[in-house]
Amino acid sequence: DAEYMGKTLLKQYKVLHCDVLHLSALRNATKVLLERISDGQRVWIVNTHLHHVIEDATVRDQQAVQLCAWVKKTLQSEDFCFILGDFNAKPTESTYAVFEKQSYRSAYKEVHNDEPEITFPTGLKAPYMDTCLLYTSPS
């Protein structure tokens with residue numbers, strides 16, 4: 001269960017830093033720096049939910065640029081970094097390219113050589129239900 005998973009994580013990692021970035025009126029990003037107790041390996045977990053209006057790709061692009069710059073300020077070369085959340089953009093859109101230009105890779109694409117058709121396999125229907133992605137740092 002979730003409580004057990006949280007306790008297991010905290011037995012292996014200690015939290016070094018937490019921060020929030022205000023992206024727009026209703027959108028934020030959070031980042032947490034974890035350090036593995038056994039060897040000191042640092043891992044950043046960044047979570048966001050980008051602008052949802054489909055026609056406003058430029059807003060999402062700006063949010064993605066802002067998010068990447070914010071992460072880059074604190075990321076050290078040996079750190080791992082996972083950026084995840086709802087990006088409200090298809091992999092063919094410019095927002096996706098913002099992350100690629102910063103050397104982030106789609107974890108799904110790394111494993112399956114392509115992006116999934118959808119990543120929200122419930123009965124809900126919406127224009128871009130395939131927008132929950134996980135990006136990993138080059139390390």
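Biologist: Which residues does valine 46 touch?
Modeller: Leaving aside residues up to four places away in sequence, valine 46 touches Thr30, Lys31, Leu67, Trp70, Val71, Cys81, Phe82, Ile83 and Leu84. Contact here means heavy atoms within 4.5 Å.

Biologist: Before we go on, what sort of model is this, and how are the residues numbered?
Modeller: This is a predicted model, in which local features need pLDDT of at least 70 and side-chain atom pairs count only at pLDDT 80 or more, while totals for chains, interfaces and linings use all residues. Residues are numbered from 1 along each chain as its sequence is written, and side-chain values use heavy atoms, with hydrogens and water left out.

Biologist: Which residues have the most contacts inside the largest nonpolar core?
Modeller: They are Val46, Cys81, Ile83, Phe99 and Tyr104, in a core of 18 residues. A nonpolar core is a set of buried Ala, Val, Leu, Ile, Met, Phe, Trp, Tyr and Cys residues joined through side-chain atoms within 4.5 Å. Buried means under 20% relative accessible area, exposed means over 50%, and partly exposed lies in between (1.4 Å probe, protein chains only).

Biologist: Which residues of α3 are buried?
Modeller: Thr95, Tyr96, Val98 and Phe99 are the buried residues of α3. They lie on the same side of α3, because they cover an arc of only 150° around the axis. That arc is taken over the directions from the helix axis to the C-beta atoms. Serine 103 follows α3 and has a positive phi, near 75°.

Biologist: Changing topic: how many disulfides are there?
Modeller: A search of the whole structure finds 0, a disulfide being a pair of cysteine sulfur atoms within 2.5 Å.

Biologist: Are cysteine 68 and cysteine 18 buried or exposed?
Modeller: Cysteine 68 counts as buried because its relative accessibility is 3%, whereas cysteine 18 is exposed, with a relative accessible area of 54%.

Biologist: Now the strands. How do β1 and β2 run?
Modeller: They run antiparallel, with 9 bridges joining β1 (residues 13–22) to β2. Two strands pair if DSSP finds at least two bridges between them. The two form a hairpin with 5 residues between them. Valine 15 has leucine 34 as its bridge partner in β2.

Biologist: And what stands opposite histidine 17 in β2?
Modeller: Leucine 33 stands opposite histidine 17, which lies in strand β1. Histidine 17 counts as partly exposed because its relative accessibility is 31%. Not counting residues up to four places away in sequence, histidine 17 touches Lys31, Val32, Leu33 and Trp44.

Biologist: In what sense do β2 and β3 pair?
Modeller: They pair in the antiparallel sense over 7 bridges. Glutamate 35 stands opposite arginine 42 in β3. This hairpin has 5 residues between the strands, and glycine 40 takes a positive phi near 80° there.

Biologist: Where is isoleucine 54 found?
Modeller: Isoleucine 54 is in the loop between β3 and α2, and counts as partly exposed at 24% relative accessibility. Its C-alpha is 9.9 Å from that of lysine 90, and the two are 36 residues apart in sequence.

Biologist: Finally, what pattern does the protein chain follow?
Modeller: Along the sequence the pattern is α-β-β-β-α-β-α-β-α-β, which comes to 4 helices and 6 strands. Of the 139 residues in the protein chain, 35% are buried. Among contacts between residues at least 6 apart in sequence, 61% join residues at least 24 apart.
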